[in-house]
Amino acid sequence: MFKKQYLAIASALILTTTLIPTSSQAATGTKNLQAKYNNIKVIYNGATVPTTIEPFIVNGTTYIPLRMMAGVFNKDVAWDGAKYTVTVKDMPNSQHANELAARDAQIRSLQNTIDSLNKEISDLKNGKKNNNNNNNDDDIQDALDDLEDDLNSDYDDYKDLKWSISLKGDEDDIDVEIEINLDKYQDEFDDLDDDGDVEALVEDIIKDIWDNKDFEDADITGEVIDSDNDDTIYEFEGDASDEDINFDV
């Protein structure tokens with residue numbers, strides 16, 4: 001055992017807080033201390049903690065370099081020489097940081113999977129909706145084609161003249177074209193027109209359309225056309241809300 005004279009404790013590397021009064025009114029100055037050096041070692045988890053400054057004993061109290069223990073307890077130590085202040089902060093735990101980084105990566109991966117699944121669900125819903133819409137459109141078109149066939153069957157030889165009826169549209173709006181070849185039936189058509197039979201034909205066709213449950217609410221516009229030169233003879237409209245039929249010659 002031997003003794004050394006420790007004249008001034010001014011280094012931030014040495015714990016001196018027990019030597020300096022804590023009161024805000026404490027005086028500052030220099031003290032001569034007698035330190036004992038007994039080759040003091042610090043053992044942490046069975047291993048000696050290395051240090052360049054040897055721990056010592058003053059008045060029965062053992063003093064250990066702060067940076068030495070800061071390393072043991074994973075702390076960051078800073079010395080402010082202007083304010084004579086030692087600042088101790090927690091250092092980031094590398095293992096903990098790695099675990100957090102791994103979890104963040106896992107969370108991002110799971111979020112990407114969730115986003116992908118949500119998009120797939122949305123695409124499936126949209127596909128199903130489009131398929132339903134397409135199926136509905138197909139059903140309406142089939143119903144319109146069947147109605148067109150029925151009308152041609154019922155009126156293709158109306159008053160012994162050859163008529164051709166075509167329909168386009170959907171359950172809300174239907175366009176009707178009624179064709180006759182005036183090059184062949186001009187005189188007969190004029191006789192029908194004088195008697196009001198052409199308007200009666202149009203009215204019967206419109207009412208038959210409204211009698212169909214798929215098109216009972218359809219507004220109707222149409223023309224009577226001379227198929228020989230594609231001239232419009234009549235234009236007509238049918239309002240489904242009040243079943244009003246108007247003609248424009």
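Which residues does Thr51 touch, not counting residues up to four places away in sequence? Thr51 touches Pro65 and Met68, where contact means heavy atoms within 4.5 Å. This is a predicted model in which local features need pLDDT of at least 70 and side-chain atom pairs count only at pLDDT 80 or more, while totals for chains, interfaces and linings use all residues. Residues are numbered from 1 along each chain as its sequence is written, and side-chain values use heavy atoms, with hydrogens and water left out.

**Overall composition**

- The protein chain contains 4 helices and 13 strands; helices (H or I, at least four residues) and strands (E, at least two) are DSSP runs, numbered from the N terminus.
- Of the 249 residues in the protein chain, 25% are buried; buried means under 20% relative accessible area, exposed over 50%, and partly exposed in between, with a 1.4 Å probe and protein chains only.
- Among contacts in the protein chain with a separation of 6 or more, 49% join residues 24 or more positions apart.

- Thr51 belongs to the loop between strand E4 (47–48) and strand E5 (56–58).
- Thr51 counts as partly exposed because its relative accessibility is 34%.
- A polar atom of the Thr51 side chain lies 3.1 Å from the backbone oxygen of Ile53; a polar contact is a pair of N or O atoms within 3.5 Å, and within protein one must be able to donate a hydrogen and the other to accept it, with residues adjacent in sequence counting only if both atoms are side-chain atoms.
- The C-alpha atoms of Thr51 and Ile64 are 9.5 Å apart in space, and the two residues are 13 residues apart in sequence.

**The E7–E8 hairpin**

- Strand E7 (residues 75–80) pairs with strand E8 (residues 85–90) in the antiparallel sense over 6 bridges; two strands pair if DSSP finds at least two bridges between them.
- The hairpin of E7 and E8 has 4 residues between the strands, and Tyr84 in the turn has a positive phi of about 50°.
- Lys75 stands opposite Asp90 in E8, and the side chains of these two residues also meet in a salt bridge (2.2 Å, N to O).
- This pair links distant parts of the chain, with Lys75 in strand E7 and Asp90 in strand E8, 15 residues apart.
- Lys75 is partly exposed because its relative accessible area is 31%, whereas Asp90 counts as exposed at 59% relative accessibility.

**Other salt bridges**

- The count of salt bridges comes to 4, each being a side-chain nitrogen of Lys or Arg within 4 Å of a carboxyl oxygen of Asp or Glu.
- Lys119 and Asp123 meet through their side chains in one of these (3.0 Å, N to O); both residues lie in helix H2, 4 residues apart, about one turn of the helix.
- Lys119 is exposed, with a relative accessible area of 54%, and Asp123 is partly exposed, with a value of 40%.
- Asp156 forms a salt bridge with Lys162, in which the closest N and O atoms are 3.6 Å apart; Asp156 counts as partly exposed at 22% relative accessibility.

**Positive phi in loops**

- Most residues other than glycine have a negative phi, and most peptide bonds are trans.
- Lys159 has a positive phi, near 55°, and lies in the loop between helix H2 (94–155) and strand E9 (164–169).
- Lys159 counts as partly exposed because its relative accessibility is 45%.
- Asp230 has a positive phi, near 65°, and is found in the loop between strand E11 (219–226) and strand E12 (231–239).
- Asp230 is exposed because its relative accessible area is 57%.

- The buried residues in H4 include Val198, Leu201, Ile205 and Ile209.
- Ile209 is in contact with Leu147, Leu151, Leu167, Ile174, Val176, Phe215 and Ile220, leaving aside its neighbours within four places in sequence.
- H4 has 15 residues and spans 21 Å from its first C-alpha to its last, close to the 21 Å expected at 1.5 Å a residue; the expected span is 1.5 Å times one less than the number of residues.
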